[in-house]
Amino acid sequence: MPRIIDAKVIVTCPGRNFVTLKIETEDGVYGLGDATLNGRELSVASYLSDHVVPLLIGRDAHRIEDIWQYLYKGAYWRRGPVTMSAIAAVDTALWDIKGKLAGLPLYQLLGGASRDGVMVYGHANGVSIEETVEVARNYQQQGYKAIRLQCGVPGLPSTYGVSKDKMFYEPADADLPTENLWSTEKYLRVVPELFKAARAALGWDVHLLHDIHHRLTPIEAGRLGKDLEPYRPFWLEDATPAENQDAFRLIRQHTTTPLAVGEIFNSIWDAKHLIENQLIDYIRATVVHAGGITHLRRIAAHADLYQIRTGCHGATDLSPVCMAAALHFDLSVPNFGVQEYMRHTPETDAVFPHAYSFERGMMHPGEKPGLGVELDEVLAAQYPYARAYLPVNRLEDGTMYNW
Ligand SMILES: O=C(O)C(=O)C[C@H](O)[C@H](O)CO
Ligand SMILES: [Mg+2]
């Protein structure tokens, strides 16, 4: 059996922080798993190195399911982003090892390809509607078949999803959290105008998406969904905070615009009610924050029973290790919908050389055994951890709000 002889946590900051678990077996094969939790990175690094690594030494790396159950049930304290990101890192690294030992790319172990490639969506953003549409046109020219639109809100100095750099959006932007201002009224005025202008400029042969980022009440989201119906959005994401899963019922009662949710979900229990009641159309849970490939497959299989498709989170704070794992999952899962793709910076790509590729709006994980991602540890060591937080949000009267 491939006995685990070592595991270590590597924290590196090639432009942003990443936490990676590397598991080594006695026959010299190693696997990588992403454990990055934006703004709370070191908590997962500690969970892994202080509490999980000692439990791995001597185990059979082939027993992925048993190790998953051991870490989940054995901790007694279940779920939550820190625990589930740590379990995900172990799970991903073990799948990487299994693929390398089999000499097969991971997607082959997951049942083989269900499609030729993975449709991804890129992020078009700008301070104004005009700028956003211009950037979207550029994405369309690069062959993107799906584009997320986010624009500045007149009267608000900054907002979620709008950055100076059009390819490498990084939300964790400061040593301490920056404070943003929010006005629902101003926002609700601009988004339908953005979609109207985008359809006029880009036509109908491209999917258009939008992320509300948890900022509306259910009835406000219902209104926005209805206002956007003429422009046929692919989805509205994170319309309202999802702790109360029934909130989505109210949105559904008012609009046929498809709903996506789940980038902050950690387990099937966060999504169960939404799925079984068909309150959403796309589930955004992804490998690193939802318990790894093993658990994400379980969520997707449950969603498939209700014709709900996947739409994995893929922001820049998910490392190339997670991106590769997501692409193997996407290529194989029957109920795939779309994959988010935000390009990493050249510094990040140099630290994590990878086999996955992008061509005309489609991605493929490549044919290297396992995940097809490496970690250049010498280069990684040149980028020490740098504290960075996600912003916070306040209403114009100073009330703390959802970011
Ligand atoms: O990519 C998205 O849809 C996001 O909402 C990005 C998140 O804000 C980001 O990953 C938080 O770390
Ligand atoms: Mg989002």
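**Entry 1: E24 and its strand**

I started with a bridge: D6 has E24 as its bridge partner in β2. My ground rules come next. I am working on a predicted model, where local features need pLDDT of at least 70, side-chain atom pairs count only at pLDDT 80 or more, and totals for chains, interfaces and linings use all residues. Residues are numbered from 1 along each chain as its sequence is written, while chains are lettered from A and ligands numbered from 1 in the order in which they are written.

I placed E24 in strand β2, residues 18-25. For the record, helices (H or I, at least four residues) and strands (E, at least two) are DSSP runs, numbered from the N terminus.

β2 itself is mostly covered, with six of its eight residues buried.

I then listed the contacts of E24, leaving aside neighbours within four places in sequence: I5, D6, A7 and Y30. Contact here says that the C-beta atoms, placed from the backbone, lie within 7 Å. I also checked E24 against K145, and found them 121 residues apart in sequence and 39 Å apart in space, C-alpha to C-alpha.

**Entry 2: the strands beside β2**

I looked at both partners of β2. Strand β1 (residues 4-12) runs antiparallel to β2 and is joined to it by eight bridges; two strands pair if DSSP finds at least two bridges between them. Their hairpin has five residues between the strands, and G15 there takes a positive phi near 105°.

β3 also runs antiparallel to β2, with five bridges. I wrote down G33 in β3 as the bridge partner of L21. The hairpin of β2 and β3 has four residues between the strands, and G28 takes a positive phi near 90°.

**Entry 3: two domains**

The domain assignment, which is automatic or from a database, gives domain 1 (4-105) and domain 2 (109-367). Their C-alpha centres lie 26 Å apart. I found 31 residues of domain 1 in contact with 29 residues of domain 2.

Which elements give two or more residues to the side of domain 1 that touches domain 2? They are β2, β3 (30-34), α2 (64-74) and α3 (81-102). α3 gives the most, with eleven residues.

**Entry 4: ligand 1**

Around ligand 1 I listed N38, P171, D211, H213, E263, H313, A315, D317, E340 and L390, each with its C-beta atom, placed from the backbone, within 6 Å of the ligand. This shell divides into three nonpolar, three polar and four charged residues. Ala, Val, Leu, Ile, Met, Phe, Trp, Tyr, Cys and Pro count as nonpolar, Asp, Glu, Lys and Arg as charged, and the others, Gly among them, as polar.

**Entry 5: the whole chain**

The C-alpha trace spans about 60 × 45 × 45 Å along its principal axes.

Methods. Two residues are in contact if their C-beta atoms, placed from the backbone, lie within 7 Å. A residue is buried if 20 or more other C-beta atoms lie within 10 Å of its own, exposed if 12 or fewer, and partly exposed in between; C-beta atoms are placed from the backbone.
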